[in-house]
Amino acid sequence: MKYLKQFLIILAISLLGEVLKAVLPLPIPASIYGMVLMFVFLLTGILKLDQVKDAGKFLIEIMPVLFIPAGVGLMSSWNVLQPVLIPVSVITVITIFTVMAATGLVSQFIIRKDKKEKTL
């Protein structure tokens, strides 16, 4: 029963994201609205982490299974993807290295800042 209640809370927040997507004329996906709402609710204390923690952990554990339909969709669309495979691959590799570099730089900045605050 605990999992059901937590899933319903997560689904309700996702539904709010869908409603915001329908109401607001911004080009932002509904899932982003839902994640921002969840973040704000957790930050403000409207929603306690214990109210969604177990269901969230479960969803993270089964995340690889959730990618199977997307993989099947890619395989069934091979005819369409084949002509653009090289450009998409190059863009993907460049993006991966860009994200890795940005993440590393931000992490180093935060670690250095934390060390300076501890020494003061």
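Phe39 counts as exposed, because its relative accessibility is 53%, and values over 50% fall in that class. This residue belongs to helix H2 of a model that is predicted.

**Nonpolar surface patch**
- Phe39 is one of the residues of a nonpolar patch on the surface, together with Ile32, Met35, Val36, Val40 and Leu43.
- The accessible area of these residues together is about 580 Å².

- In soluble globular proteins, nonpolar side chains tend to be buried together.
- The largest nonpolar core of this model has nine residues: Ile9, Ile10, Ile13, Leu37, Met38, Phe41, Leu47, Val52 and Ala55.
- At least two residues of this core come from helix H1 (2-23), and at least two come from helix H2 (30-44).
- Leaving aside residues up to four places away in sequence, Ile10 is in contact with Met38, Val52, Ala55, Gly56 and Leu59.

**Salt bridges**
- The structure contains two salt bridges.
- One of them joins Lys2 and Asp54, whose closest N and O atoms are 2.9 Å apart.
- Lys2 is in helix H1 and Asp54 is in helix H3 (residues 53-61), so this pair ties together parts that lie 52 residues apart in sequence.
- Asp54 is partly exposed, because its relative accessibility is 24%.
- Another salt bridge links the side chains of Lys118 and Asp114, with an N to O distance of 3.6 Å.
- Lys118 and Asp114 are separated by about one helical turn, because they are four residues apart in helix H7 (residues 85-119).
- Lys118 is exposed at 67% relative accessible area, whereas Asp114 is partly exposed at 34%.

Note on methods:
Residues are numbered from 1 along each chain as its sequence is written. This is a predicted model: local features need pLDDT of at least 70, side-chain atom pairs count only at pLDDT 80 or more; totals for chains, interfaces and linings use all residues. Side-chain values use heavy atoms; hydrogens and water are left out. A nonpolar core is a set of buried Ala, Val, Leu, Ile, Met, Phe, Trp, Tyr and Cys residues joined through side-chain atoms within 4.5 Å. Buried means under 20% relative accessible area, exposed over 50%, partly exposed in between (1.4 Å probe, protein chains only). Contact means heavy atoms within 4.5 Å. Patches are made of residues with over 30% relative accessible area and no salt bridge: like charges are joined within 9 Å, nonpolar side chains (Val, Leu, Ile, Met, Phe, Trp, Tyr) within 5 Å. Accessible areas come from the Shrake-Rupley method with a 1.4 Å probe; for residues, only the protein chains shown count as cover. A salt bridge is a side-chain nitrogen of Lys or Arg within 4 Å of a carboxyl oxygen of Asp or Glu.
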